[in-house]
Amino acid sequence: VLLLLGGGFALADACLVSGLSAKLGEHLEWLEPLPLTIALLMLMLITAAVTSVASNVATASIFVPVVATLAQSMEVHPLYLLIPVTLTTSLAFVLPVSTPPNALAFASGRLTVVDMAPLGFALGLVGVALVILATNTTGTLFFGLGEFPAWAIPNAEPARQPDVDTHH
């Protein structure tokens with residue numbers, strides 16, 4: 001279990017240092033002209049595929065900065081993409097390597113990869129559908145995801161605080 005977590009952090013750092021994260025961002029630019037929900041679905045499916053073969057810690061560490069930058073370039077509320085992508089990294093049910101609980105269940109000897117893969121794939125698809133539904137309903141309602149916030153504008157001037165007269 002510790003090796004899975006430590007390995008996940010090491011993999012994420014290696015992707016950052018090697019420039020793989022930047023390359024990943026460049027290769028996701030094709031999502032920009034797509035309708036927003038389709039782009040979100042594609043991001044979530046890519047994330048679900050990666051988190052099936054890598055730890056969810058590594059997947060989140062790799063994808064979160066890339067998706068944040070993508071959201072800014074698309075002028076979409078960053079949380080509209082970041083919340084679902086982050087939640088999708090937890091939909092790792094396909095292989096034992098995906099999460100420590102999967103590894104523990106597999107190590108019991110009662111499950112094989114053939115047992116885990118089809119059910120894990122189906123659970124992942126159901127999870128993706130539910131996260132998209134939640135994002136477009138309650139997520140939009142609670143977090144105001146329909147607007148591009150001023151704080152997400154690259155190189156924007158910080159909001160000026162009003163002067164307070166403290167001499168009274």
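Of the 168 residues in the protein chain, 35% are buried, a term that stands for a relative accessible area under 20%, with a 1.4 Å probe and protein chains only. The model is predicted, and local features need pLDDT of at least 70, side-chain atom pairs count only at pLDDT 80 or more, and totals for chains, interfaces and linings use all residues. Residues are numbered from 1 along each chain as its sequence is written, and side-chain values use heavy atoms, with hydrogens and water left out.

The secondary structure of the protein chain comprises 7 helices and 0 strands, where helices are DSSP runs of H or I with at least four residues, strands are runs of E with at least two, and numbering starts from the N terminus.

Helix α3 (residues 36–53) packs with helix α5 (residues 78–88) at an angle of about 25°, their axes lying 9 Å apart; axes are lines fitted to C-alpha atoms over the stretch in contact, and angles run from 0 to 180 degrees between N-to-C directions. This angle makes α3 roughly parallel to α5, a description that applies to angles under 35 degrees. The contact (heavy atoms within 4.5 Å) is formed by L36, T37, L40, L43, M44, T47, A48 and T51 of α3, together with Y80, L81, P84, V85 and T88 of α5. The residues of this contact divide into 9 nonpolar, 4 polar and no charged.

Methods:
Angles under 35 degrees count as roughly parallel, over 145 as roughly antiparallel, 65 to 115 as roughly perpendicular and the rest as oblique. Ala, Val, Leu, Ile, Met, Phe, Trp, Tyr, Cys and Pro count as nonpolar, Asp, Glu, Lys and Arg as charged, and the others, Gly among them, as polar. Buried means under 20% relative accessible area, exposed over 50%, partly exposed in between (1.4 Å probe, protein chains only).
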